[in-house]
Amino acid sequence: MSSDLEKRLADALEARASQVGPEHLSPRGLPAPERRGPARPVWVGLAAAACLAAVGAGVVVPRLLADPDSAAPPAVSRPDVPSDVGRDWTPIDGVRSELDLDGDGESDAVELRGEPDPGYEGRTRLDVDLSGGGTAYGVVDLGSTLTSYSPQGADLDGDGTDEMVLTLDVAETSTRPLVLDLRDGVLVEVEQPLGDRTPLTAGPLQAGVDPDSGLVEQRVTDWWVADGTLRSSVSETAYPALGMSWFVPDPYVAQVVTWRLDGDVLLSRPADDVCVSRLDDERRPCGPGEQDGLPDLTPAAGDLVATGQTADLEGGLPSRVRVVDAGGRDRVLLGAPGEPGSGFERTGTRLRIFTTAPSAVVVDAVTAAYDSDADDRPDGVLVESEVGGISVLAAPDDDPAWLTAGGEVYTTSAASGRVGLGQWVRDGDELVVVPLGTVCLPDDGDVTAAERC
Amino acid sequence: MGLDELYATHRLSLVRLALLLVDDVASAEDVVHDAFARMVARRTPLRDPHAALAYLRTSVVNGSRSALRRRRTARAYAPPADVGPASPEDTAVLAEEHRAVLDGLARLGRRQREVLVLRYWSGLSEADIAATLGISRGTVKSTASRALGALERVMTQEEQA
């Protein structure tokens, strides 16, 4: 404990917590299993159903998802929110909305006001001027009053009027929709039923750790409003993440559910898969048997400079490389153009440097890939150090690697009849191989013909 | 460790954690009950007790946020700063010095409160707090630093008032 304040805080928290002892707890036991709503993410059920269906015709596929319609209609609640709360809060500018809460075919005007708070963590008041006459209001906690996502409209209960969908930040990299239903002039929040863990977020969903690489794997979740419908998706596959990088293929296959409002709760229904391209910013129906896309594994970068040669590297940070003979040793000078560059000497073998920078391996420094055994394959990368000199990051393994014109270094490793595709990435002071899944190659190993198995 | 054992072992500490976040025992008990309900609903049980406790802890923090949000929207006329330490458990009275700290804590932002509670009551590492709150370790560190500064300022203002 480094300060008096920290000790006072710890003591105060302990004192407050200690006011509740076992004798103060109600005699509740462990909760009984929840009966309604899907008890696990929809994508699990979908995958299992697909496998069973593939076993053979005539097999009755058991219904793996709970049927939302079989549940009793939930009660409709309406919290008592005083109408004057937040009328004097600060207007939030830049809000545009296209929603029709009263169902008259005209858009309603929405105004947002943020509760004054030094940390921008106050509540938000919503005022709606209904185009058909009258007003509606609500008070919500969006986590921040600093940014304002414009409300969207979607008729989730099919009654001809829109519900309001707001965007709620739930973590630094994730959002979820906050759905409000208009009841007696008040906007009331509705949520998923307790126990329903169907993802309804946009952002990474941690799925586990790859036992071989030790990397965290995450599924891609997303939600959106389109054609008056709220939908969400989760990628079929979990993808590795390392630092700020997340290795999501383009496109990736995602399973989709649509959401509808039933009383107080949002219930999901499976919909058709989509193939999502983040590069093209599109979601489209997947083609027959379509799988996750592969990165551009070709063309391979093949130009190298050897002793006595100089080249400006292509891609990455502006940089120049020179290989000079230093009395039987190769000396590589690497740095920004016009600067002498840091030196790296290698004894014994002749070094050749690729003229394409491995900019996808090392993204934040001047870097070059080297070949030390004259097989035209990269054996590691050189990195100009911030403190001067060159760091040498050797290949993480002996698997064959190739550098592409895009600056990526890919590898393949064969094990148990499967070919694993990997990608070199710098992780601190070393290179690691990020697994990108299995691929099928022709017998001659031609990577230009690689495809998902 | 089975769910029953997990419940028996950790229910009280989780209620205390929730209490520090929502500040009334009834809500805290509800939050923890819901957290265990979510765990019971899992078809794939968490067999690692540490993972299970981490899951419950995150669930309690998220549940506390929801409880506060519901409280603030449904009973919006009760500003958070006015919610002093409730005392349904009237068996003990907080010392004035503790009350001053807790009053100051209640005036901080939600995330700042969560980080300080997890750090100085739960005793979690930066990495565990980051995992619990779904934020980066760097954010935990900067949030904790700013929160302590804010707490000190708030308490100083109160003392001078």
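Two residues are in contact when heavy atoms of theirs lie within 4.5 Å. This report applies that term to a predicted model.

**Chain B**

Chain B contains 7 helices and 0 strands, and its elements follow the order α-α-α-α-α-α-α from the N terminus. Its 161 residues include 52% that count as buried. Of the contacts in chain B between residues at least 6 apart in sequence, 63% join residues at least 24 apart. The accessible surface of this chain is about 7,500 Å², and carbon and sulfur atoms account for 49% of that area.

**Helix α1 of chain A**

Helix α1(A) comprises residues 4–17. From first C-alpha to last, this helix of 14 residues spans 20 Å, close to the 20 Å expected at 1.5 Å a residue. Its buried residues are L5(A), E6(A), L9(A), A10(A), A12(A), L13(A), R16(A) and A17(A). They lie on the same side of α1(A) because they cover an arc of only 165° around the axis.

| Strand | Partner strand | Bridges | Direction |
|---|---|---|---|
| β18(A), residues 310–312 | β19(A), residues 320–325 | 3 bridges | antiparallel |
| β19(A) | β20(A), residues 330–335 | 6 bridges | antiparallel |

In the pairing with β19(A), D312(A) has R320(A) as its bridge partner. D325(A) stands opposite D330(A), a residue of β20(A). Strands β19(A) and β20(A) form a hairpin with 4 residues between them. In the turn of this hairpin, G327(A) has a positive phi of about 65°.

Conventions
Residues are numbered from 1 along each chain as its sequence is written. Chains are lettered from A and ligands numbered from 1 in the order in which they are written. This is a predicted model: local features need pLDDT of at least 70, side-chain atom pairs count only at pLDDT 80 or more; totals for chains, interfaces and linings use all residues. Side-chain values use heavy atoms; hydrogens and water are left out. Helices (H or I, at least four residues) and strands (E, at least two) are DSSP runs, numbered from the N terminus. Buried means under 20% relative accessible area, exposed over 50%, partly exposed in between (1.4 Å probe, protein chains only). Accessible areas come from the Shrake-Rupley method with a 1.4 Å probe; for residues, only the protein chains shown count as cover. The expected span of a helix is 1.5 Å times one less than its number of residues. The arc is that of the directions from the helix axis to the C-beta atoms. Two strands pair if DSSP finds at least two bridges between them.
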